[in-house]
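Subject: Structure handover

Hello,

Here is the structure for you to look through. Please open it next to this message and follow along.

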Amino acid sequence: MRLRLFSLALLMGLLGSIAQAQTIIVNAETDVTQLDNRTIKSLFFQRVRYWPNGIPVTIVALERTTPLHEEFSKNILKVLPFRLESTWSKLSFTGVAKPVVRVNSVSEMLSIVSSTPGAIGYIDEETKTSEPNIVFISRGES
Amino acid sequence: MQQNKLLPMTAIAFALSCSQSAHALNIHGFASQGFSYSEGNNWFGKSDGKLSTDNTQLGVSMFDQINPNLSLAAQGLIQKTSSDNAEASLDYLRANYHLYRNQQGDTVNLVLGRIKNNIGLYNSSRDVPSAHDFTLLPQSIYIDRNRELLLSSDGVGISYSKMSNQWNHQVNLQGGCPNLSSDKVRIGLLTESIKGDLSCKPSFNIQYMAEDMNHGYKLGLSYVKATMEFSSDMPGIEDGSIMIDYWVASAQKAYEQLTLTAEYGLRHMRYHNFGAYFNDYVLPATDFWSQSTYLQAEYAFTSHLRAYARYDVYYTNKADKSGDQAQAFYSGTQGIPNHYFYSKMQTLGLAHNLTENWLLKAEYKRIDGRAVLPYVDNTATGSEAITDLYVLTAHYLF
């Protein structure tokens, strides 16, 4: 019985994670194809503000109340979204970092990331399609 | 520091970039309105026993990435936090030049202009409502009556950021002059009755901050050295100098929903050459250490609803925590009681993101002692030691 319950919970968890999976996308001019989790966090918290090739990082994010934004924050960055928001506010309202570009939809996200050198954003795994000038990032563990 | 030359140069560069560059200028900001009620003393206007709306703020920021290595940023701020008139100020105006980076992500940046001082965890973002959940920052460390002195400097700075396997390290060093144009700075340092002009000698600020993002740790040490010359307009008070050395140690641990923060500050104040009258009658000590600390817990019920509790304490002179020696000093003249020389505060607060753009905050604060009370709206001889303060603020972010 315990094993069945455990299997059921595991299956539900897996299904849940599949349904909510997000993918990091970057503009092709970043010359980046893979990022580890720590670097992803440093990029989205604007601790790293330049790509290795010298292009400034532009964060593109969905509006704060969007479910996909909340899921991305919790699942990929492992923080509640308010921590991202307060960090972005602190850095942009003190002139230290470039303000985050906010978008209303995944299609707008794809469009902005595609057209902005140095842009990084995220989409739902389900909407992952081949787009010009966009690289889908594979994530490392560290 | 040539503050009179640096700031206009940066302003001209910014104006030229806005007019000539093809980049989209990013403009964003915030508007805030607060409602305050207090018992005992005033805060945010005449709030003692009645509702005050003297808590209004409008901030507009601009950012332009001129080229991959150069960006310009500025913020204008209009604030009304007392029954005095609203004040408009250039909050910051900075040119950021990216000097160096390597493959590991280590960077060196040069900054020029009016730069926010990096003191503790919150000084640089003290007026930004969406950067923290507090209505008033911990007054022990970020005492509002010294806001103008500590907020920013006109000068030049350099920042170094290093990534290691677990920790990010950041060092910010800047030199320049604090903005001394507000009369509040003179009153805060010398009392209302001592008239004259303050001028700045080169001062500097350095901060080291280490952060372990995966485990939620943040540790920092900040230091400010500010030196000012005073030109007296009063017979009996001589031209003198004031030296401030301010140290703040910071520690924070963030769990998923809970954040624990502690900061500890020591401020060495020295007054030189103001003459015998000043030493005998104006200040009870001319070489002393102020001490301050707070402990704070924040809890996020959801990402949109958060609460916090804090205890903080401030002693004007740590060698006279009770204020008794200062009271004895003033007993023959102004009759100032001991509770003017410390403040012990208990704070409870809530923050709620109502919608995408609207943020509501509520704060209750009990303040025992008058050392951190605003000068404006509180008479120099008020006698109430205890203040209960209730503040509700609405913020619109754009």
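Below is what came out of it, chain by chain and then contact by contact.

Please keep in mind that this is a predicted model.

**Chain A**

Chain A has 5 helices and 7 strands. Along the sequence they run α-β-β-α-β-α-α-β-α-β-β-β. Of its 142 residues, 52% are buried. Take the contacts in chain A with a separation of 6 or more: 72% of them come from residues 24 or more positions apart. The accessible surface of chain A is about 6500 Å², and carbon and sulfur atoms hold 58% of that.

**Where chain A meets chain B**

Chain A puts 31 residues into the contact, and chain B puts in 47 residues. Together the two chains bury about 3400 Å², with 52% from carbon and sulfur atoms. There are 20 residue pairs in polar contact between chain A and chain B, counting pairs with both residues at pLDDT 80 or more.

Which elements of chain A give two or more residues to the side that touches chain B? They are helix H2 (37-44) and helix H4 (81-92). H4(A) gives the most, with 8 residues. By type, that side of chain A splits into 13 nonpolar, 8 polar and 10 charged residues.

The interface also has 2 salt bridges. One of them pairs Arg64(A) with Glu356(B), at 3.8 Å from N to O.

**Arg64(A), on both sides**

Arg64(A) also forms a salt bridge inside its own chain, with Glu85(A). The closest N and O atoms there are 3.9 Å apart. Arg64(A) sits in the loop between strand E3 (58-62) and helix H3 (67-77), while Glu85(A) belongs to helix H4, so the pair links parts 21 residues apart in sequence. Is Arg64(A) buried or exposed? Arg64(A) counts as buried because its relative accessibility is 14%, and the cut-off for buried is under 20%. Glu85(A) is buried too, at 9%.

**His28(B)**

His28(B) lies in strand E1 (residues 26-39) of chain B. At 9% relative accessibility, His28(B) is buried. Its side chain makes a polar contact with the side chain of Asn26(B), at 3.2 Å. Leaving aside residues up to four places away in sequence, His28(B) touches Ser92(A), Phe93(A) and Pro99(A) in chain A. In chain B, His28(B) touches Gly59(B), Val60(B), Ser61(B) and Phe398(B).

Over all chains the structure holds 22 salt bridges. Two pairs from chain B are worth a look.

- Asp377(B) and Lys46(B) meet at 3.9 Å, N to O. Asp377(B) is in the loop between strand E15 (358-368) and strand E16 (386-397), and Lys46(B) is in the loop between E1 and strand E2 (56-67), so this pair ties together parts 331 residues apart in sequence. Asp377(B) is buried at 11%, whereas Lys46(B) is partly exposed at 41%.
- Asp245(B) and Arg270(B) meet at 2.6 Å, N to O. Asp245(B) lies in strand E10 (residues 240-254) and Arg270(B) in strand E11 (residues 258-272), so the pair ties together parts 25 residues apart in sequence. Both residues are buried.

Best wishes

Key:
Residues are numbered from 1 along each chain as its sequence is written. Chains are lettered from A and ligands numbered from 1 in the order in which they are written. This is a predicted model: local features need pLDDT of at least 70, side-chain atom pairs count only at pLDDT 80 or more; totals for chains, interfaces and linings use all residues. Side-chain values use heavy atoms; hydrogens and water are left out. Helices (H or I, at least four residues) and strands (E, at least two) are DSSP runs, numbered from the N terminus. Buried means under 20% relative accessible area, exposed over 50%, partly exposed in between (1.4 Å probe, protein chains only). Contact means heavy atoms within 4.5 Å. Accessible areas come from the Shrake-Rupley method with a 1.4 Å probe; for residues, only the protein chains shown count as cover. Buried area is the accessible area (1.4 Å probe) that two parts lose on being put together, summed over both. A salt bridge is a side-chain nitrogen of Lys or Arg within 4 Å of a carboxyl oxygen of Asp or Glu. A polar contact is a pair of N or O atoms within 3.5 Å; within protein, one must be able to donate a hydrogen and the other to accept it, and residues adjacent in sequence count only if both atoms are side-chain atoms. Ala, Val, Leu, Ile, Met, Phe, Trp, Tyr, Cys and Pro count as nonpolar, Asp, Glu, Lys and Arg as charged, and the others, Gly among them, as polar.
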